[in-house]
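Please keep the sequence and the coordinates at hand while reading.

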Amino acid sequence: MRLINVNTVLDLEERRVQSMSEIKILEEFNDEQLESTEYGILSHCWGDGKMQIEVQFREMGQVTADEGARKSIMGYDGYKKIINSCRQARNDRLNWIWVDTCCINKESSSELSEAINSMFRWYENSMVCYAYLHDISSSTLPTKIDKNRYPESDGWPKWFSRGWTLQELIAPKVVKFFNRRWLLIGDKRSFAPTLEYITRVPARILESGFPRDRPSVAQIMSWAADRRTTRVEDKAYSLLGLFQVHLPMIYGEQENAFRRLQEEIIRKYNDHSIFAWDPEGKIARFGSVLADDPSFFRECSDIVKMKPDMHINTLKLQIQPTGNLSTSTDASEDFESQVIHGEEAYSTTNTGIQISLPLKPCHNSHLGLAPGCEAIEVQLACHRAGFESPITIILLSFNSHYYRHFGNFSSTQDATVRFQRLYLAYQDETRFTFKIDLGVPHSGFVRHCLFPDRTSPVDNCLALSSRSDCAITVYVDAAAKACFALVVGHHKGHPWADVICDEPPEGGIWPRWEDYARQVHERMQKAGQGRARRMNEAWQFGVSKLRLSGPRLAKHVHVPRSIRGIQLLYARLPRSNCCSVTINIVQCLECCTSVWQTLDIVSTFFLDIRRGLDFIFHMDAVAGFEH
């Protein structure tokens, strides 16, 4: 750890230094030396690098080496924060202080990784933390949201919206708050009730630190739900100390960092609440059992771990209607062993999270699901404070793996709870792959853009994952007066497709095609469930009517203000969970109805010849589950 010599910096500032070559501002301390060293530490929001410039490690070394550089650096806002921090440290009779901007050599990846993994401990071992609130001019903390004064930080001072400052609030025993003029406005203990209201961190933790019985994973995550970081990866790295885990820093991995954090938490803690994100179903993201972002835990501030004996008793009540497990003592002991073993023995493997969980089948799990899929209700060993019922989540099975799902499912009331070893999918694996063959374009329509960007075709393959449940491809004619959007997606194990042909806007001027694709994507995400259901119903009707294993569905959509139409043909292939989609541009000579119709292979073939279809492009889409 590298510390600033408070007296040296202030002597330099007050011009009491005779020889620059003899002074040393930054000094190294090993762990043994730190045990006997009292130091202060600064917590602040970094400047934007334009109007407010921070002093970096290399620049701090230039303060004593070059007079011209020194005068320039002394004008930085960041240097003024260092000076004022040193003055506060001297008032508290401390000779050393740590400031993240200049005490870490960020050009060294190994030093940066060590610092991030050690930062919570450094704040925890400090004598005092100086929290500088640069956007507060009053003599106290605000007690209500003010979005006019703090529009970019959810109505609170910016310090309370940053990811790194969460651990800087919790870890130190003493936190003193200063306003923009460096006037003391209070400390963490005196402001505990107000801080709990602002941050959702319980006052008892702010006053006394983490208890031996730590809060649940979900509760700690909820404190970070609305906090922001400059780098996506720092949403995960800023939480390492709060969970007492360590990770190597891999900047560039983006959202994968948060998944790695959750994997490491699972290895260390037996806490089912890590699976309890989005308990109200507001996000309703299908796929991995691990959350994509701390914001998924926003509604989890009152979720607590369930003690083993409470969990056992709760489950026993569901074994038989009478509430008695069995007259057999051995059966009772075996059940308790299953509960305890299920809570203790789960691990992360390359095929999924292996875990034994108490579950019930859902009585309506067959509705709208692909063949072979099953919906189950799982009871987690956690509950909301003040309630005894465990948190339950719905899992959907695909090819022996289970995925988090949100839908209108409910467990069978008279079914008994059973323990089963499951493999929970936790990676953002590809669910569907659409293989595209566009052919040679005619009649002026060409592909213009695809949304979302992360679904860009690679080697003529369009991949949809749990984060991309539908993709929009916009086709525009040469005059940019007409367009249509091809939509492919998946829901509850069903691939689905559709064509959107909107009326041109007033004046005939379309928005940017990228913006139009985004608008269609928002509409289709909300409508995808209904479209998948209607396609599945039409398919089931076709199978019953034609008594074929593979009928074809046809849909005809008119292109507004033109004589052209879009014919969409859909068929499932013999390969499990596969489909083909064909798009034809046809001359639209008569009224058409935009509904799915069932056709067999022969009638479809003659229909194509009779109408004399003009093929613009052909797309064969193979949609299958990949693990």
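Helices (H or I, at least four residues) and strands (E, at least two) are DSSP runs, numbered from the N terminus. In those terms, Arg200 is found in the loop that separates α9 (192–199) from α10 (203–208). The model is a predicted one, and the points below are grouped by topic.

**The seven-stranded sheet**

- Seven strands form an open sheet in the order β2-β1-β4-β3-β5-β6-β7, and the pairing within this sheet is mixed. Its edge strands are β2 and β7 (184–187), each of which pairs on one side only, and the twist from one strand to the next averages 30 degrees.
- Strands of a sheet pair through backbone hydrogen bonds, in either a parallel or an antiparallel arrangement.
- Strand β1 (residues 2–5) runs antiparallel to strand β2 (residues 26–28), to which three bridges join it; within β1 and β2, Arg2 stands opposite Glu28.
- β1 also pairs with strand β4 (residues 96–98), again in the antiparallel sense but over two bridges, and here Ile4 stands opposite Ile97 of β4.
- Strand β3 (residues 39–43), by contrast, pairs with β4 in the parallel sense over three bridges, and Gly40 is the residue that stands opposite Ile97 in β4.

**Helices lying across the strands**

- Helix α1 (residues 6–13) lies across β1 and β4, and its direction makes an angle of about 40 degrees with β1.
- Helix α7 (residues 109–125) lies across β1, β3, β4 and β5 (128–132), running at about 110 degrees to β3.

**Backbone geometry in loops**

- The peptide bond that leads from Phe451 to Pro452 is cis, with omega near 0 degrees, and Pro452 lies in the loop between β16 (446–451) and β17 (461–465).
- Arg200 has a positive phi of about 70 degrees although it is not a glycine. Its relative accessible area is 27%, and Arg200 therefore counts as partly exposed, the class that lies between the limits of 20% and 50%.
- Asp278 likewise is not a glycine and yet has a positive phi, in this case of about 50 degrees; Asp278 is found in the loop between α14 and β8 (303–305). With a relative accessibility of 4%, Asp278 counts as buried, because buried means under 20%.

- Gly252 is found in the loop between α13 (240–243) and α14 (256–268). Gly252 is exposed because its relative accessible area of 58% is over the 50% limit.
- If residues up to four places away in sequence are not counted, Gly252 touches Arg231 and Glu233. The C-alpha atoms of Gly252 and Glu233 are separated by 7.6 Å, while the two residues are 19 residues apart along the chain.
- Glu263 has its place in helix α14, and at 8% relative accessibility Glu263 counts as buried, since this value is under the 20% limit.
- Once its neighbours within four places in sequence are left aside, Glu263 is in contact with Leu290, Thr348 and Tyr426.

Key:
Residues are numbered from 1 along each chain as its sequence is written. This is a predicted model: local features need pLDDT of at least 70, side-chain atom pairs count only at pLDDT 80 or more; totals for chains, interfaces and linings use all residues. Side-chain values use heavy atoms; hydrogens and water are left out. Buried means under 20% relative accessible area, exposed over 50%, partly exposed in between (1.4 Å probe, protein chains only). Contact means heavy atoms within 4.5 Å. Two strands pair if DSSP finds at least two bridges between them. Axes are lines fitted to C-alpha atoms, for helices over the stretch in contact, and angles run from 0 to 180 degrees between N-to-C directions.
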